[in-house]
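Take a first look at the whole chain. Then follow the text below from one part to the next.

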Amino acid sequence: MKKRRGVKKGHIAAFFAMIIALSILIAATVMDHVDDIRLGLDLQGGFEVLYEVEPYDEGTEITRDLLTDTVSALNARVDVLGVSEPSITIEGDNRIRVQLAGIDDQAAARELLSTEARLSFRDTEDELLMDGSDLVEGGARQSFEQDTNRPIVEVTIDDPGKFSDITSDISQRQPPENIMAIWLDYEEEDNYYDEIAKEDSKIVSAPRVPRPLSQSNIIQITGDFTVDSASELAGILNAGALPVSLDEVYSNSVGASLGERAMELAVFAGYIGVALIFGYMLMYYRFMGLIAVLTLSLYTYVVLVVFDWMNAVLTLPGIAALILGVGMAVDANIITFERIKDEMRSGKSVMSAFKAGSRRSLSTILDANITTILAASVLFYFGTSAVQGFALMLIVSILTSFLTAVLGARLFLGLWVNSRILNGKQKLFGVKEGEISEL
């Protein structure tokens, strides 16, 4: 067989080396990433709780603003649970419905949502010494006790002088009255001596105060904490106390709104759609279509990896954003390939057509991607939970499609073109000899 002169085999070897390495990486890790991606309420179901809102004081009226503030506080607490895109809606004049997906411990989640999170510091006679208003907003954090390395919660107080006066007073009392009890959700009928004996006590900590504490504005809340429970308490305190009391009307498990059968059909339709796209690209753009198939496969893998790294929750809007990203990637490939074919039809060589077509198509692709990212950014800024999720997924999809469909395709196709093995083979690019004007 006659050896082709001038062919740079190193470029072709580099292409196959990259494809083999990427294939091994994708085959070894893709299912791990797919399994780690959490599904939204509409795809996997979850549970819902309906609360009736009651004011703390009889004279307080339940207004729309008060309900909105409560929804904001609940959204902050849902962040503590690590749940994305929850559904928290106001119903009627005094009810709030919370729907969450992917919660393993529903009882713990309901307890976290409904706790009033009113922190108070009291003596053994239940006299109020300090409350949550004396703490710096967002100043709670999980830490470890210096001597024992046990998990604790540290809170920052607003007025160290006030705390010094309180601890000075407590320290002068005789044991066992020199105790400052830290309560969560104290009620009028509660009593220190009864509550401290309970296994599930509202008193999260009851340290003795042997001397005045005035050296720091940081208070350490010790107790029988684990790292998770200490982090959860810090998160609740940072989320703030609820402005109202929530009475649970009922809780219920909810199914996926899309439905299992519909989900299977959607996945099957996705396979058919992708196969048709791949078939069209291969038939119309020949060798360049093969490059497009490789980069679109790479795009799908990279998007899944990014979704996993972001701990994103995949919902119906997220799937829509993923499909739009595929469309943008295919569109970028078609723009580039058509420009290359146009350059070949004008009589340029394969290498010159590749360089000129790639250069001239870049501005068009950039314009399309930038305008779509701007629109998605506006949706993210002004939108609410589901809309923000769609917008974020769309931005990720577009950036990924640009990296894979534009830069990836140029890299892979450039290796073949620059190897010179495709010189004079315009047919492999879908260009017939009769279409070339100068031949």
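Which residues form a nonpolar patch on the surface, and how much accessible area do they have together? Phe16, Ile20 and Ile24 form this patch, with about 310 Å² of accessible area together. Patches are built from residues with over 30% relative accessible area and no salt bridge; like charges are joined within 9 Å, and nonpolar side chains (Val, Leu, Ile, Met, Phe, Trp, Tyr) within 5 Å. Accessible areas come from the Shrake-Rupley method with a 1.4 Å probe, and for residues only the protein chains shown count as cover.

A word on the model itself. It is predicted: local features need pLDDT of at least 70, side-chain atom pairs count only at pLDDT 80 or more, and totals for chains, interfaces and linings use all residues. Residues are numbered from 1 along each chain as its sequence is written, and side-chain values use heavy atoms, with hydrogens and water left out.

Stay with Ile24 for a moment. Ile24 sits in helix α1, residues 9-36. Helices (H or I, at least four residues) and strands (E, at least two) are DSSP runs, numbered from the N terminus. Ile24 counts as exposed because its relative accessibility is 56%. The cut-offs are these: buried is under 20% relative accessible area, exposed is over 50%, and partly exposed is in between (1.4 Å probe, protein chains only).

Now find Leu43. This residue belongs to helix α2, residues 41-44. Leu43 counts as buried, because its relative accessibility is 10%. Leu43 and Thr315 are 272 residues apart in sequence, yet 6.3 Å apart in space, C-alpha to C-alpha.

Next, the domains. The chain is divided into domain 1 (9-40 + 255-429), domain 2 (46-116 + 242-254) and domain 3 (119-241). These bounds come from an automatic or database domain assignment. Taken over C-alpha atoms, the centres of domain 2 and domain 3 are 26 Å apart.

Turn to the charges. The structure holds 11 salt bridges. A salt bridge is a side-chain nitrogen of Lys or Arg within 4 Å of a carboxyl oxygen of Asp or Glu. One of them joins Arg97 to Glu91, with the closest N and O atoms 2.4 Å apart. Arg97 is buried at 16% relative accessibility, while Glu91 is partly exposed at 27%. Glu48, Glu91 and Arg97 are linked in a network of salt bridges.

Another salt bridge pairs Glu343 with Arg360, at 2.5 Å from N to O. Glu343 lies in helix α10 (residues 316-345) and Arg360 in helix α11 (residues 350-382), so the pair ties together parts that are 17 residues apart in sequence. Glu343 is buried, with a relative accessible area of 8%. Arg360 is partly exposed, at 43%.

Two strands pair if DSSP finds at least two bridges between them. Strand β8 (residues 151-156) is joined to β11 by 4 bridges. Glu154 has Gln220 in β11 as its bridge partner.
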